[in-house]
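My entries follow in the order in which I looked things up.

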Amino acid sequence: MTDAIATRTTCPYCGVGCGIRASVGPGGAVAIAGDPTHPANFGRLCSKGAALGETMSLDGRLLHPEIAGARATWDTALDLVAARFREAIAAHGPDSVAFYVSGQILTEDYYAANKLMKGFIGSANIDTNSRLCMASSVAGHKRAFGSDTVPGCYEDLECADLVVLVGSNLAWCHPVLFQRLAAAREARGTKVVVIDPRVTPTTEIADLHLAIRPGADVALFNGLLAHLVAAGHVDRGYVSNHTRGLGEALAVATGVSLGDLARDTDLDPAAIAEFYELFAATPLAVTVYSQGVNQSSAGTDKVNAIINCHLATGRIGKPGMGPFSVTGQPNAMGGRETGGLANMLAAHMELADADHRRIVADFWGAPRLAERPGLKAVDLFRAVGEGRIKALWIMATNPVVSLPDADAVARALETCPFVVVSDVVRETDTTAFADVLLPSAAWGEKDGTVTNSERRISRQRSFLPLPGEARPDWWQFAEVARRLGFGPAFAWTSPVEIFAEYAELTATANDGTRDLDLGAFSHMTREAYDGLEPFQWPRPAGSASSSERFFASGGFYTPDRRARFVPTPYRLPVERPGPGYPFILNTGRLRDQWHTMTRTERSARLMAHAPEPFVVVHPDDAAEAGVAEGDIAELTSRHGRALARVVECRDQARASLFVPMHWTRTHATASRIGAVAGPATDPVSGQPELKHTAAALARYPARWHAFAVSKRRPEIGAMATLAGYATVARVTAGWRLELAGTEDEPHWEALARDLADPGEAPPDVLAYIDTSAGQRRLAVCADGRLAAAIFVSRRPLVMAREWAASMLGVELGNEERWRILAGRPGPGRPERGPVVCACLEVGRNEIIAAVVEGGAATVAAVGACTGASEIGRLLDEARLAKAG
């Protein structure tokens, strides 16, 4: 709803689904604040959410339809899309076309896409990038519960006495949930166990950190199930009345000694025993899991191994109890609810169920409802490459970056006869392959609903006009449906009509036999939709409130209404280290970035946290591989290669590498880690194993290294002709650029002049050259202000990068000009170092100084001294510096 001050809407980032108040100022600037009334966040925001107002620029937006790179009208573009899809279907059948959509689109968009593809085109070849996020959770839920039901809610984190975090860096990937958990731990002494191969910001609050061998979660939770049974901690009444199959699951889980389990998991036997005893003795226990569980070739078994332990103890569906999958995207749940995955129907109905197919077909009046599952994401793009898909529509996602074996995805799109891409950004790695580009409405412009990880439906409301010719995603699908001859079934004029239709479908022939029921909203008016408050489903007709939890007293959605224990044999990951590829590559997210950075790269303070791609490696492994801190490393696998800056860390497990997933060809020339990641998938869920690829690490043999700052944005394509490694990142007054090359050096003065944004007077060029040392430094001033600077060395540069970037646009006196060439601030002007607290832009060196010089010895004291809120990880380092 909109009041005189702000529009209440929902954050477009992770699956927490935080409420936001957005206000548009007289000049168009957008102010962002947390919504204190929203039940997901109660006013809290993370660094990304707080910076949303900085990402609203129209620079780089796709604002008009294009055909073959030339501007076109909507009618011309949509006519072509419909014609090419129609031709492919006529010649090769409905399974020759496909949609690949995204957890970024709204529930109404998802519903329209699924209705068109599954109900009217007649194929289930529609999948979503959520396949990469939580498909294993979906499959695990369905095997255990008979439905994709998340049993609990966020409040359980605050009611539990024990929270187990498995494969979840909650502090960075779901920061507001982490804040809620940390506050509960402080207030009531909640015990926290973190099961993760890596030391992460989340492990800072752990009472016990189990640095498990990557991929060994099934072995650990099978052992926990066996311990619970042997120690007499099974809830016999719950198991007897509400479940089946404990014996079969136990037969697989038992018979492994503690010593063998320690060998399989790389854990100390005493630590395993401590975890088992703590879980057994703590009835109020919640197990939160995320991508470290899901993104695995055994992801579904991992999910079921966790659920088995909660079913055995009856710890499910009650306050402070239960297994809890936290999703990665803002509307991954809405996609699951509307049938966004290739193996599902809308409204949590099943393609394999004849009764469900009849219900949906009758409700839609569908002429040719799909009868079998379609292609899941990895298989879909493999089919594109094999020529089986003749027409593909990609919406709101960047698979050339985010999918594994990403170079194969690029080759597939290059050969596909017809590719449509709907996006808000003109230049992405995927739009480069589009025959037709369609401009979509972005966050702040579009209107609809999303569902968060606790089944809470919230409104995303528009507070900005549609720019250019951008249109909502649902409208695009409806217009193509009309051109294909299905107009009456897609005659919506607003998203409220779609939501009401979807709500009615959830209630049709339901009567409590399915978990998802929104019947209370099946006749929703525009006024009611505009004022819709966040709510948890189910909300059947006649109900004014919803149930927050499921399954406390059984009532599962299997044929006999009993949950199923699922036997989960421990299997090794598909790819394992060996000769030629001695490392395990693990990919993941950073705190201040989102997916492929099309939004977050617009904020200088978000980019300051990690301005270039990096690989984290143990120092001993680095030495053996011949790389050192600051080097550029080449990562290779059987699938591809990528370049990244080396970061040595003793907390990193031996023989293991971590690389963030975010960098694309629009930000770096050769750093898409998806090109290195392997395409192995879980046999049940189809989710790819993005956490376990066999890889190699070697020094990139650069002959020179350079760092530059500039007022003008460097064109990354042009930089690729100069350097094998090039990355660009936004800073407050311009851009920063990292370069390294194996060929001859570029003409540096010409590059410096090109990077400058000259003023009215001819630019001045200052230079320092030491040929024998291979050093060269240039600064370009326009109208007396720094417009560009370049620093060159034969070795990786050690200099005050953040300070140099902060000098862009600053009027320089003679002393400051020579300071620029030195690459260091003068006395009394300390370099703040890499940004740690993005919200207040507080640097690493400032936090260390607060401890070393200011005597701050607690998190609160450092926060008071610097204003920083993200400081916990640096306190030990700062205290060591003080002691030294």
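Predicted model: local features only at pLDDT ≥ 70, side-chain atom pairs only at ≥ 80, totals over all residues.

Entry 2, the seven-stranded sheet. I then turned to an open sheet of seven strands, whose order I recorded as β5-β4-β16-β15-β14-β6-β7 and whose pairing is mixed. Its edge strands are β5 (70-71) and β7 (126-128), each of which pairs on one side only. Strand β6 (residues 97-101) runs parallel to β7 and is joined to it by three bridges, and within this pair I found F99 opposite I126 of β7.

Which strands does helix α20 touch? I found that α20 (residues 473-483) packs on the sheet and touches β6, β14 (391-395), β15 (418-423) and β16 (436-439), while its direction makes about 160° with that of β14. Helix α3 (residues 107-121) lies across β6 and β7, and I noted that it runs at about 165° to β6.

Is strand β18 largely enclosed or largely open? Five of the five residues of β18 (residues 456-460) are buried, so I wrote the strand down as largely enclosed by the rest of the structure. I checked the side-chain directions as well: R456, S458 and Q460 point one way, I457 and R459 point the other way, and all are buried. As background, side chains in a regular strand alternate between the two faces of the sheet.

On the pairing of β18, I found four bridges to β17 (residues 448-451), with the two strands antiparallel, and the bridge partner of V450 in β18 is S458. The hairpin of β17 and β18 has four residues between the strands, and there R455 takes a positive phi near 65°. Strand β18 is also joined by two bridges to β19 (residues 535-536), again running antiparallel, and I457 has F535 as its bridge partner in β19.

How do the axes of α11 and α12 cross? For α11 (residues 258-265) and α12 (residues 269-281) I noted axes that come within 9 Å and cross at roughly 105°, and the two helices are therefore roughly perpendicular to each other. The contact is made by L258, L261, A262 and T265 of α11 together with P269, I272 and Y276 of α12; I sorted these residues into six nonpolar, one polar and no charged.

Finally I looked at the protein chain overall, which has 31 helices and 34 strands. Its radius of gyration is 27 Å, close to the 29 Å that the globule rule gives for 884 residues, so the chain is as compact as a globular protein of that length. The C-alpha trace spans about 80 × 70 × 60 Å along its principal axes, and 63% of the 884 residues count as buried. Among contacts between residues at least 6 apart in sequence, 72% join residues at least 24 apart.

Methods. Residues numbered from 1 in each chain as written. Heavy atoms only, no water. Pairing = 2+ DSSP bridges. Contact = heavy atoms within 4.5 Å. Axes fitted to C-alpha atoms, helices over the stretch in contact; angles between N-to-C directions. Parallel < 35°, antiparallel > 145°, perpendicular 65-115°, else oblique. Nonpolar A, V, L, I, M, F, W, Y, C, P; charged D, E, K, R; others polar. Rg over C-alpha atoms; globule rule 2.2 N^0.38 Å. Buried < 20%, exposed > 50% of the residue type's maximum accessible area, 1.4 Å probe, protein only.
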